[in-house]
Amino acid sequence: MSGHGVCPWWAGYFLASSLRRWLQDPEKILKPYVKDGMRVMDVGSAMGFFTLPLAKLVGDQGRVIAVDLQEKMIRSLQRRAQKAGLAGRIETRICSSTSLEIDDLAGSVDVALAFAVLHEMPDSAAAILSIAQSLKGGGLFLMAEPTGHVSAEGFRQTSEVALQQGLEVVAEPIIWHSHAMVLRKPA
Ligand SMILES: C[S@@+](CC[C@H](N)C(=O)[O-])C[C@H]1O[C@@H](n2cnc3c(N)ncnc32)[C@H](O)[C@@H]1O
């Protein structure tokens with residue numbers, strides 16, 4: 001369920017490449033769930049492949065909290081956000097490998113995203129618990145894992161942890177090369 005090792009910082013350039021948009025279009029993936037003015041969180045943001053589109057979708061009044069373990073990823077994300085004129089909507093945080101350090105966000109997040117990150121964590125169950133706690137009642141959690149690294153059974157086990165937190169499945173979007181699920185925290 002976890003412990004595949006953290007992706008090296010330089011892989012962040014491939015993850016943020018424009019070629020990837022053809023296969024995993026971030027706007028198309030996120031738009032059904034993210035609305036103007038929302039407070040959203042991007043867990044394992046890397047250099048911001050999803051963070052920047054999230055910042056566009058939440059608009060001027062919204063906020064994106066990007067959390068990552070690697071300082072180099074976060075520094076690059078900050079530069080890219082600056083260049084795109086979106087830095088004012090994005091708060092960046094560097095966490096530790098064993099804790100997302102988001103207790104202060106409890107009950108305040110409308111949408112949380114964890115894309116291709118849970119399998120890299122030494123304790124993904126603890127991260128899912130923190131994410132569930134950060135959500136507002138009615139808030140959504142979109143989790144996706146790469147099929148190349150995570151088996152269908154591995155993803156089922158991960159989703160089981162989310163269900164044990166009381167989250168409910170609302171959608172299973174089709175995303176290239178990914179297992180994906182959207183869960184809602186009951187209101
Ligand atoms: C494969 S990348 C995916 C990045 C991004 N979500 C995307 O889809 O483009 C995984 C990212 O998760 C971060 N990461 C790994 N373990 C983490 C942890 N325990 N807490 C927070 N971030 C972590 C890595 O530093 C890396 O930036």
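In the predicted model, helix α6 passes helix α7 in a right-handed crossing, a crossing being right-handed if the near helix is turned clockwise from the far one by less than a right angle. The contact is made by Ser-124, Ala-125, Ile-128 and Ala-132 of α6 together with Thr-158, Val-161 and Ala-162 of α7 (contact: C-beta atoms, placed from the backbone, within 7 Å). By class, five of these residues are nonpolar, two are polar and none is charged; Ala, Val, Leu, Ile, Met, Phe, Trp, Tyr, Cys and Pro count as nonpolar, Asp, Glu, Lys and Arg as charged, and the others, Gly among them, as polar. The axes of α6 (residues 124-134) and α7 (residues 152-164) come within 9 Å and cross at roughly 40°, with axes fitted to C-alpha atoms, for helices over the stretch in contact, and angles running from 0 to 180 degrees between N-to-C directions.

Residues are numbered from 1 along each chain as its sequence is written. As the model is a predicted one, local features need pLDDT of at least 70 and side-chain atom pairs count only at pLDDT 80 or more, whereas totals for chains, interfaces and linings use all residues.

Seven strands form an open sheet of mixed pairing, in the order β3-β2-β1-β4-β5-β7-β6. Helices (H or I, at least four residues) and strands (E, at least two) are DSSP runs, numbered from the N terminus, and two strands pair if DSSP finds at least two bridges between them. At the edges stand β3 (90-94) and β6 (168-171), each with a single partner strand, so one side of each is left without a neighbour in the sheet. Direction ignored, neighbouring strands of this sheet are turned by 20° against each other on average. Helix α5 (residues 71-83) packs on the sheet, where α5 touches β2 (63-68) and β3, and its direction makes about 165° with that of β3.

Strand β7 (residues 178-184) runs antiparallel to β6, to which it is joined by three bridges. Ala-171 has Val-182 of β7 as its bridge partner, and Glu-168 stands opposite Arg-184. The hairpin of β6 and β7 has six residues between the strands, and His-177 takes a positive phi near 60° there. Seven bridges join β7 to β5 (residues 135-146), also in antiparallel fashion; Leu-140 stands opposite Arg-184.

Around the ligand lie 20 residues, of which Gly-44, Ala-46, Phe-49, Leu-69 and Glu-120 come nearest (C-beta atom, placed from the backbone, within 6 Å). This shell comprises 14 nonpolar, four polar and two charged residues.

Definitions and conventions
Contact = placed C-beta atoms within 7 Å.
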